[in-house]
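Colleague: I am new to this one. Please take me through it, and tell me what stands behind each term.

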Amino acid sequence: GGHFRRGTWPAFWMYGEDAAHIWPTWGEYDIIEGVHERTNVMTSLHTTEDCDQHKASEPSRRQWMQTPDGFDATNCNHVAVGQFENQGCSQVGPNGS
């Protein structure tokens with residue numbers, strides 16, 4: 001038997017959806033979310049293709065979450081190649097947030 005840990009994932013988020021436009025057609029905006037025992041929060045966008053934030057300006061004001069290979073997760077597509085499943089483009093808040 002393996003060891004199992006339970007965690008929390010508190011979040012405040014919003015998205016749009018109707019019968020003709022199921023998630024994530026109109027995207028999802030995670031305004032603030034905490035993950036397990038992290039000491040900072042994240043904000044994320046989860047979209048379909050063609051939403052890429054790699055050219056976002058003001059680089060000193062943000063810290064992107066990392067992909068499995070250690071690159072900035074700037075592709076908001078929920079199934080982006082090279083990113084975790086449903087990672088989207090996520091920025092990390094300051095420590096203690």
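Modeller: Start with the strands. E1 (residues 11–15) and E2 pair in the antiparallel sense, over five bridges. Within that pairing, Met14 stands opposite Tyr29 in E2.

Colleague: What makes E1 and E2 a pair?

Modeller: Two strands pair if DSSP finds at least two bridges between them. E1 and E2 have five bridges, so they pair. The strands themselves are DSSP runs (E, at least two residues), numbered from the N terminus, while helices would be runs of H or I with at least four residues.

Colleague: How many helices and strands does the chain have?

Modeller: Zero helices and four strands. From the N terminus on, the order is β-β-β-β.

Colleague: Before we go on, what kind of model is this, and how are residues counted?

Modeller: The model is predicted: local features need pLDDT of at least 70, side-chain atom pairs count only at pLDDT 80 or more, and totals for chains, interfaces and linings use all residues. Residues are numbered from 1 along each chain as its sequence is written, and side-chain values use heavy atoms, with hydrogens and water left out.

Colleague: How do you know how confident the predictor is?

Modeller: From pLDDT, the predictor's confidence in each residue, from 0 to 100. The chain has a mean of 85, and 88% of its residues reach 70 or more. Where pLDDT is low, the predicted coordinates should not be read in detail.

Colleague: Which strands does E3 pair with?

Modeller: E2 and E3 pair in the antiparallel sense over four bridges. Four bridges also join E3 to E4, and these two run antiparallel. Both counts meet the requirement of at least two bridges, so both are pairs. In E3, His46 is the bridge partner of Glu28, and Leu45 is the bridge partner of Tyr29. Leu45 also stands opposite Cys89 in E4.

Colleague: Which residues of E3 are on its covered face, and which on its uncovered one?

Modeller: Met42, Ser44 and His46 form the covered face. Thr43 and Leu45 form the uncovered one. In a regular strand the side chains alternate between the two faces of the sheet.

Colleague: Why is the link between Cys76 and Cys89 called a disulfide?

Modeller: A disulfide is a pair of cysteine sulfur atoms within 2.5 Å. The sulfurs of Cys76 and Cys89 are 1.8 Å apart, so the pair qualifies. The structure holds one disulfide. Cys76 lies in the loop between E3 and E4 and Cys89 in strand E4, so the bond ties together parts that are 13 residues apart in sequence.

Colleague: Why is it called right-handed?

Modeller: Because the torsion about the S-S bond of Cys76 and Cys89 is about 80°.

Colleague: What makes Cys76 and Cys89 buried?

Modeller: Buried means under 20% relative accessible area, exposed over 50%, and partly exposed in between (1.4 Å probe, protein chains only). Cys76 has 0%, so it is buried. Cys89 has 4%, so it counts as buried too. Cys51, by contrast, is in no disulfide: the nearest cysteine sulfur, that of Cys76, is 3.5 Å away.

Colleague: Why is Gly16 called partly exposed?

Modeller: Its relative accessibility is 23%, so it falls in the partly exposed range. Gly16 lies in the loop between E1 and E2. Tyr15, in strand E1, counts as partly exposed at 39%.

Colleague: What stands out in the backbone of His36 and Asn86?

Modeller: His36 has a positive phi of about 50° although it is not a glycine. Asn86 has one of about 60°, and is not a glycine either. Most residues other than glycine have a negative phi, and most peptide bonds are trans. The peptide bond from Trp23 to Pro24 is cis, with omega near 5°.

Colleague: Where do His36, Asn86 and Pro24 lie?

Modeller: His36 is in the loop between E2 and E3. Asn86 is in the loop between E3 and E4. Pro24 is in the loop between E1 and E2.
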